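Q: I would like to learn how to read surface patches, pockets, cavities and salt bridges. Please take them one at a time.

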Amino acid sequence: GVNMNTFEKNLFDALRVLSVDINDGAFLYDEEMVKAITINDLIVKNYHLTMKPQDIVLVAKNKQSEAVLEKLNSFFEIDEKMKKAKPMYLPEEVLNIDEATFRFHQLVHYFSTYGLEELFGVETRTGWLPNPELEIPTEESDALLETESFEIVKAGAEYLYLYKKIVTKRNRASRLETELLEEAVKHLSVEELCQYKVVFKENLFVIFSCLMNSLSGKERILVLSNICQNPTDVFKCAKKYLNEKRYHFTTSQKRAIVCILESYSSASFRENLMMSNKRREENLIVLQYVDYNRYSKSKEHLECVNLLRNDDLTSWEARLKNALSKKNFEVAVQLLKQRPGLVVRFANWLLKEGLSKQQIIDILRENKASLSLQTLLENINTFSNDNIKENLAEKRKDVLEIFTTILKDRLLQINTRIKNKKVFIDAGQYDFRHSQISFNSASSESGYIKSGIAFKIPDEVNYLRTFVYWENDIHGHRVDVDAHFRVNTVENEEVHLGWNDDFRKEGCYFSGDVTSSVPYGCEYLDIDLSNPKLDYAVVHINSFTGQFFKNIQNFKVGMMAIGKLKDKNNKSLYNNKNCFFVHELKGDFITMNYAFIDFKNKYLKFLGSNSNTRYGSLEEYASYKTYYSLPDFLNDLCDSQQATIVSSPEDADFILRLDKGLSDNEISLIDVNFFVDEKQ
């Protein structure tokens, strides 16, 4: 299993939740209340986080305030190391150093690592640095960002809490959420696991694999046939699991999969066997490796499999293509009504094949209840982007009209708490106008705040700092990580800051390129927000020595707010409470477009996308705008719910905000997944 502290930290990072030992009958003492308030003040001061008022009372009743502080201190352990980490130069030095000295120092540093490795053929642990005696300033600067709240759950209840939270969403789980799911299923009973259908396929793969490994006999069959919605789910999961097991199943695993497949009606089984030719091939592989004929107990199901093997089943896809090629739109429409989800996926292709916009709208309208709001929103994001792929651009206006029409229809069907209520929208520290909701296109590295959400850069913030910290890889080898800025000016000129280009230009500063990770490596990039020449920038992170991010220990990257760079008080280089966001990167890649900065509109976004170019590319961002924004969605949502948007929180029944609020009438859009999973 996962180390308990890692699990609790993941839980906190992904869901902003902390588990605490709670006894419901505990009594509240004055001195415990004073202690809890004092400790919460300390949490606000140190980490810019706060407990909710009712949680302060709960923690005081149960004498757990010190335990809460201890847990948070352990979560921020690496941050304490980061505060003391030494880069090549301090900001004061980068501002004033002459270029010849900088370049000379950098060359000596490179030669003392890479040069010596080339000469002697042995790994050099650490390179020469210009300032071995460098004193790192550690005085805290003032808080520039808003305090965020988190919530307390009862220890023991966190597993069901997070399982329900993640599996009932039609979204792909992030890496952190996936790790949490893998741990949660080990702690849940059969009854608890059977309570919820897993509605998003990729999340199902994770759980299917865990349960195949941890359960056996009737329990395994009961739970898996409960959480899989149809035979296609079972086939897809079994195929993935087959790869994991290197194409070798035990007898009990074979029996279980056959038994689960035969728990569905033979009509549903037959329909799911032959969705497409590609699916046929994959299903045949699964049937072969589970020895289907040997373990089958149903004559009807076995007959379907024999028809599949003899190529006597025509796929739904083939029937559709045949109808479209003959311009037999009536038959095509009848087929498409069976699979409305695929109509959404193929809308662009169907228009090209001759179906009219209205025909597609009618099919979807008739079956809208089965459509996922997440998929509709993802498609609106895709088709409204100017940078869309050429093959999708031709019919994009029609496709957009289809999806926006159906989205509004679909929103009318959901029932939310805000129905017929007065609503105040509190954007807090976020820039809603430049935010869009990313579901399955969100970065796998996302924490509580997903990629796609923009942060307002407050007026008192004059500089932005990208901070990078890393240690050796998991095998103890040296790692060299690089951070780069690609900046576009208002004259459309490109400025590049990094080890292989400028170190100081247009109000951008680079701390120098550290190539070692013994005991750590540390770099930062600063950017002056007051420079009128700057238009937008992309922050790019690259593992120069080629290790995957997941294999680098304590690899943290963050975007930090700075009030004054030249302040003689020498405020600390790194300060977690002034970070817009920090990520411990553990992805399966070596390059990443990490963040996007818009200077004119003063906002910042976490991107977290795997970059296909080694040092990031501005071309991808030439049309980096938000199209169907968060306010667009909230307006459509409130219209559908006949909720009135009011201009002051005092007049509102509910306050909608992004993160967790402090009072009962505040609704976190993240916690309710933007209401898109609400039942009709």
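Q: Which residues form a nonpolar patch on the surface?
A: First, a caution: this is a predicted model. The nonpolar surface patch is made up of Phe-111, Leu-119, Phe-120 and Val-122, which together have about 460 Å² of accessible area.

Q: Is Leu-119 buried or exposed, and in which helix is Leu-119 found?
A: Leu-119 belongs to helix α7, which covers residues 99-120. Its relative accessibility is 57%, so Leu-119 counts as exposed, the cut-off being over 50%.

Q: How is empty space found in a model?
A: A probe the size of a water molecule is rolled over the atoms, and this shows where empty space is left. In this structure the largest pocket holds about 1700 Å³ of space.

Q: Which residues lie nearest the centre of the largest pocket?
A: Lys-201, Lys-236, Gly-341, Leu-342 and Arg-345 lie nearest the centre, out of 43 lining residues. The elements that each give two or more residues to this lining are α11 (201-214), α13 (231-244), α16 (277-289), α19 (316-325), α21 (340-352) and α23 (373-383). The largest share, 8 residues, is from α21.

Q: How does the lining of the largest pocket divide by class?
A: There are 14 nonpolar, 15 polar and 14 charged residues in the lining of the largest pocket.

Q: A pocket is open, whereas a probe in a cavity cannot get out. How many cavities of 30 Å³ or more are counted?
A: The count is 1 cavity of 30 Å³ or more. The largest cavity has a volume of about 40 Å³.

Q: Which residues line the largest cavity?
A: The lining consists of Glu-146, Asp-426, Ala-427, Gly-428, Gln-429, Tyr-430, Arg-657, Leu-658 and Asp-659. By class, the lining of the largest cavity has 3 nonpolar, 2 polar and 4 charged residues.

Q: Now the charged pairs. How many salt bridges are counted?
A: The idea is a distance test: a side-chain nitrogen of Lys or Arg must be within 4 Å of a carboxyl oxygen of Asp or Glu. The count for this model is 41 salt bridges. One of the pairs is Asp-13 with Lys-9, at 2.8 Å from N to O.

Q: Where do Asp-13 and Lys-9 lie?
A: Both Asp-13 and Lys-9 are in helix α1 (residues 4-15), 4 residues apart, which is about one turn of the helix. Asp-13 is partly exposed, at 24% relative accessible area, while Lys-9 is buried, at 16%.

Q: How far apart along helix α16 are Glu-282 and Arg-279?
A: Because Glu-282 and Arg-279 are 3 residues apart in helix α16, about one helical turn separates them. Their side chains meet in a salt bridge of 2.8 Å, N to O. Glu-282 counts as partly exposed at 23% relative accessibility, and Arg-279 is buried at 16% relative accessible area.

Q: What is the N to O distance between the side chains of Lys-186 and Glu-183?
A: The distance is 3.3 Å, and the two side chains meet in a salt bridge. Glu-183 has a relative accessible area of 7%, so Glu-183 is buried.

Technical notes. Residues numbered from 1 in each chain as written. Predicted model: local features only at pLDDT ≥ 70, side-chain atom pairs only at ≥ 80, totals over all residues. Heavy atoms only, no water. 1 Å grid on protein atoms, 1.4 Å probe; cavity = no way out; pocket = protein on both sides within 12 Å on 5 of 7 lines; lining within 4 Å. Points joined across faces, edges and corners; volume = space filled by probe spheres on them. Nonpolar A, V, L, I, M, F, W, Y, C, P; charged D, E, K, R; others polar. Patch = residues over 30% accessible without salt bridge, like charges linked within 9 Å, V, L, I, M, F, W, Y side chains within 5 Å. Areas by Shrake-Rupley, 256 points an atom, 1.4 Å probe, with all protein chains shown as cover. Buried < 20%, exposed > 50% of the residue type's maximum accessible area, 1.4 Å probe, protein only.
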